[in-house]
Amino acid sequence: MNTATLSFQKEKAFNKEMKRKLEELKATTSSLRTQKTDLKTKIKGLEATATTQKNREKELEAALAEKNSRVS
């Protein structure tokens, strides 16, 4: 093989490896986007639960205060 052919084969192999790595990165990026979306959804759900719990706590405190004022 001459030098040009060998150089061309090396470049071709390098390009093939770079394409493979690019595809891996695309897949990883896609997976991370999906995970990010899932986590955002979970956070929104947890925030809603926390808000509900805070509201319930306020309701219970108000009910307790009212009950204590009736007892006194």
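Trainee: Where is Arg20 placed?

Mentor: Arg20 sits in helix H1, which covers residues 3-71. Keep in mind that the model is predicted.

Trainee: What does the side chain of Arg20 make a polar contact with?

Mentor: The side chain of Glu17, at 2.5 Å. Arg20 also forms a salt bridge with Glu17, and the closest N and O atoms there are 2.5 Å apart.

Trainee: How many residues apart are Arg20 and Glu17?

Mentor: They are 3 residues apart, about one turn of the helix, and both lie in helix H1. Glu17 has 29% relative accessibility, so it counts as partly exposed.

Trainee: Which side chain meets that of Arg20 in a salt bridge at 2.2 Å?

Mentor: That of Glu24, with the 2.2 Å taken from N to O. Arg20 and Glu24 are separated by about one helical turn because they are 4 residues apart in helix H1.

Trainee: And the accessibility of Glu24, what is it?

Mentor: Glu24 is at 43% relative accessibility and therefore counts as partly exposed.

Trainee: Which residues are linked in a network of salt bridges?

Mentor: Glu17, Arg20 and Glu24 are linked that way. As background, side chains of opposite charge can pair when their charged atoms come close.

Trainee: How many salt bridges does the structure hold?

Mentor: The structure holds 5 salt bridges. One of them is between Arg56 and Glu59, where the closest N and O atoms are 3.4 Å apart.

Trainee: What separates Arg56 and Glu59 in helix H1?

Mentor: About one helical turn, because the two are 3 residues apart in helix H1. For that pair, Arg56 counts as partly exposed at 44% relative accessibility, and Glu59 counts as partly exposed at 47%.

Trainee: Change of topic. Which residues form a positive surface patch?

Mentor: Arg33, Lys36, Lys40 and Lys44 form a positive surface patch. Of these, Lys40 lies in helix H1.

Trainee: Last one, Lys12. Where is its place?

Mentor: Lys12 is in helix H1. At 55% relative accessibility, Lys12 counts as exposed, because the cut-off for exposed is over 50%.

Trainee: And what separation do the C-alpha atoms of Lys12 and Ala65 have?

Mentor: The separation is 79 Å, for two residues that are 53 residues apart along the chain.

Notes:
Residues are numbered from 1 along each chain as its sequence is written. This is a predicted model: local features need pLDDT of at least 70, side-chain atom pairs count only at pLDDT 80 or more; totals for chains, interfaces and linings use all residues. Side-chain values use heavy atoms; hydrogens and water are left out. A polar contact is a pair of N or O atoms within 3.5 Å; within protein, one must be able to donate a hydrogen and the other to accept it, and residues adjacent in sequence count only if both atoms are side-chain atoms. Patches are made of residues with over 30% relative accessible area and no salt bridge: like charges are joined within 9 Å, nonpolar side chains (Val, Leu, Ile, Met, Phe, Trp, Tyr) within 5 Å. Accessible areas come from the Shrake-Rupley method with a 1.4 Å probe; for residues, only the protein chains shown count as cover. A salt bridge is a side-chain nitrogen of Lys or Arg within 4 Å of a carboxyl oxygen of Asp or Glu. Lys and Arg count as positive and Asp and Glu as negative; His and the chain ends are not counted. The place of a charge is taken as NZ of Lys, CZ of Arg, CG of Asp or CD of Glu. Buried means under 20% relative accessible area, exposed over 50%, partly exposed in between (1.4 Å probe, protein chains only).
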